[in-house]
Amino acid sequence: MENPEIVIKLTPDEALVLSDWLEKVQMTDLSRLVDDEAVWAPLHRLAGTLDKSLPGIFAADYDERLDAARRRLRPASDDASSDHEDDD
């Protein structure tokens, strides 16, 4: 039986934001968040792969890079609320 690997493609912004989140998750008590220990291995592997692929995580301006990536990934703000203000 063949054992193919699963390939997941992320943009650099997605990888940076996900890497930061996974680091925070790993620093918590995983047993409180993840009730199945079988999930821990792929979480650690994913985090390790991201760390190796993102040299910017050690850059002096890491926080600025992370903030910029988060801004780019957030959905655009809904302009509908400003439309209602004009109705008054």
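Angles under 35 degrees count as roughly parallel, over 145 as roughly antiparallel, 65 to 115 as roughly perpendicular, and the rest as oblique. Axes are lines fitted to C-alpha atoms, for helices over the stretch in contact, and angles run from 0 to 180 degrees between N-to-C directions.

These legends describe a predicted model, in which local features need pLDDT of at least 70, side-chain atom pairs count only at pLDDT 80 or more, and totals for chains, interfaces and linings use all residues. Residues are numbered from 1 along each chain as its sequence is written, and side-chain values use heavy atoms, with hydrogens and water left out.

**View 1. The protein has five helices and zero strands.** From the N terminus on, its elements run α-α-α-α-α. Helices (H or I, at least four residues) and strands (E, at least two) are DSSP runs, numbered from the N terminus. Of the 88 residues, 22% are buried. Buried means under 20% relative accessible area, exposed over 50%, and partly exposed in between (1.4 Å probe, protein chains only). The protein exposes about 7400 Å², and carbon and sulfur atoms supply 54% of that area. Such areas come from the Shrake-Rupley method with a 1.4 Å probe; for residues, only the protein chains shown count as cover. Among contacts with a separation of 6 or more, 67% join residues 24 or more positions apart. Contact means heavy atoms within 4.5 Å.

**View 2. Helix H1 meets helix H4.** The axes of H1 and H4 (residues 62–73) come within 9 Å and cross at roughly 115°. The two helices are therefore roughly perpendicular to each other. H1 passes H4 in a left-handed crossing. A crossing is left-handed if the near helix is turned anticlockwise from the far one by less than a right angle, and right-handed if clockwise. H1 brings Asp13, Glu14, Leu16, Val17, Asp20 and Lys24 to the contact, and H4 brings Tyr62, Arg65, Leu66, Ala69, Arg70, Arg72 and Leu73. By class, this contact has six nonpolar, no polar and seven charged residues. Ala, Val, Leu, Ile, Met, Phe, Trp, Tyr, Cys and Pro count as nonpolar, Asp, Glu, Lys and Arg as charged, and the others, Gly among them, as polar.

View 3. Aspartate 20 lies in helix H1. Aspartate 20 is buried, with a relative accessible area of 11%. Valine 17 is partly exposed, at 22% relative accessibility. Valine 17 and arginine 70 are 53 residues apart in sequence, yet 6.5 Å apart in space, C-alpha to C-alpha.

**View 4. Helix H1 meets helix H3.** The axes of H1 (residues 12–27) and H3 (residues 40–53) come within 9 Å and cross at roughly 135°. That makes H1 oblique to H3. H1 passes H3 in a left-handed crossing. Ala15, Leu18, Ser19, Leu22 and Gln26 of H1 make the contact with Leu43, His44, Leu46, Ala47, Leu50 and Asp51 of H3. By class, this contact has seven nonpolar, three polar and one charged residues.

**View 5. Leucine 18 sits in helix H1.** Leucine 18 is partly exposed, with a relative accessible area of 27%. Its contacts are Leu10, Leu46 and Leu50, not counting residues up to four places away in sequence. Leucine 18 and alanine 47 are 29 residues apart in sequence and 8.4 Å apart in space, C-alpha to C-alpha.
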